[in-house]
Amino acid sequence: PKMPKQIPLLQEITKSPLLLADNSEQVFMAAIEYVVSHERAEQMLNARMAANDDEFWGNPDDPDDWLHYYRPYHVVDGVLQIPIYGVLLHQYPWQMGRWATGYKYIEMALKRGLADTNVKAIALVIDSPGGEVRGCFELGDMLYEAREEKPIRAFAADSAYSAAYVMFSSATDNRVTRSGGVGSIGVVTAHVSYAGALEKAGIEFTFIHAPEDGHKIDGNPYNKLSKPAKERIQAKINKIYDLFVSTVVRNRGMEDQAVRDTKALTYDADEAVTIGLADRVGVLEDELAIFATEVENDGDFFLATQPN
């Protein structure tokens, strides 16, 4: 049988649960294909773990130094603007335009912004369907703790779904554009079985493993998913979901049941404000200008987040 195109990075990511908005699977796959087909993909993927290098940010004055193009650091009127676009990837220290952003890049930008005396506040500019579970909640905790040092305002321009909503909700307060949306507080994974197709083709897989009564081959794609294996996967997904809910409860001051009642739905701007997932609706450019004015006025910030 014809097997789907093999993309190692995509296989690595999708073997684990994802925090991804519904109906965004094709966008997710297209973004990964863009990342792995980029002209500098080999360098960038091989350097995924080299994010703590002293030369992380590159030299913007050197035309031959390309690092700063994919690790932007923009401070405007005392506000550091951190772009969080596209799919969100664990241990990926790059920002690939509208297609992908690494948690490691966001972490490094956050740390630099907190240490930079020219930065009075931080803006998270988000347009993302979500991404990997791995690294997501750790980064959310960093953002939540960092707002004690400097105000952090999140802007959904236009979407902040699932993993991106963790970032959005972790800010001191947040805004969403009129055409934007937030939410999708849920977790997803999948098991694909080629067992039927292989049987029709006359191909049989036999695994030889130890311990023989163990779980080494649970969830492999060449056998049907057993009920015990499905139950263990479901338990793991439920645990991640509980963590997601408790994170939003902490970040937004909402009741646990109110978060669960969203049922992983996505909400437009007005709905999001009504149920407490966002603070205000506004135009990105206007809201950034307001934020900069607040910074200029010695930190006289309009902080809209209140316990619901």
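The helices (H or I, at least four residues) and strands (E, at least two) are DSSP runs, numbered from the N terminus.

A word on the model: it is predicted, so local features need pLDDT of at least 70 and side-chain atom pairs count only at pLDDT 80 or more, while totals for chains, interfaces and linings use all residues. Residues are numbered from 1 along each chain as its sequence is written, and side-chain values use heavy atoms, with hydrogens and water left out.

**Strands side by side**

S8 has a neighbour: S7 and S8 pair in the parallel sense over 4 bridges. Two strands count as paired if DSSP finds at least two bridges between them. Within this pair, Ala 156 stands opposite Val 176 in S8.

Now move to strand S3 (residues 79-89), which is mostly covered, with 9 of its 11 residues buried. Which strands pair with S3, and in which sense? The table lists them.

| Partner of S3 | Sense | Bridges |
|---|---|---|
| S2 (residues 74-76) | antiparallel | 3 bridges |
| S6 (residues 121-132) | parallel | 9 bridges |
| S5 (residues 100-102) | parallel | 3 bridges |

You can pick out residue partners in each pairing. His 74 stands opposite Gln 81 in S3, Ile 82 stands opposite Leu 124 in S6, and Val 87 has Ala 100 in S5 as its bridge partner. The S2 and S3 hairpin has 2 residues between the strands, and Asp 77 takes a positive phi near 50 degrees there.

While you're looking at S6, find Asp 127, which sits in that strand. Asp 127 counts as partly exposed because its relative accessibility is 31%. How far is Asp 127 from Ser 159 in sequence and in space? The two are 32 residues apart in sequence and 4.6 Å apart in space, C-alpha to C-alpha.

**A helix with a buried face**

Helix H2 (residues 25-37) has 13 residues and reaches 18 Å from its first C-alpha to its last, close to the 18 Å expected at 1.5 Å a residue. That expected span is 1.5 Å times one less than the number of residues. The buried residues of H2 are Phe 28, Ala 31, Ile 32 and Val 35. On the face turned away from the buried side, H2 carries the exposed residues Gln 26 and Ser 37.

**Charges that meet**

Side chains of opposite charge can pair when their charged atoms come close. A salt bridge here is a side-chain nitrogen of Lys or Arg within 4 Å of a carboxyl oxygen of Asp or Glu, and by this rule the count comes to 12.

One of them joins the side chains of Arg 153 and Glu 294 (3.0 Å, N to O). Arg 153 lies in strand S7 (residues 152-161) and Glu 294 in helix H11 (residues 284-296), so this pair ties together parts that are 141 residues apart in sequence. Are these two residues buried or exposed? Arg 153 counts as buried because its relative accessibility is 1%, and Glu 294 counts as buried at 7%.

Another salt bridge brings Glu 287 and Arg 175 together (3.1 Å, N to O). Arg 280 counts as partly exposed, at 25% relative accessibility, whereas Glu 287 counts as buried, at 5%. Through shared partners, salt bridges join Arg 153, Asp 173, Arg 175, Arg 280, Glu 287 and Glu 294 into one network.

Note on methods. Buried < 20%, exposed > 50% of the residue type's maximum accessible area, 1.4 Å probe, protein only.
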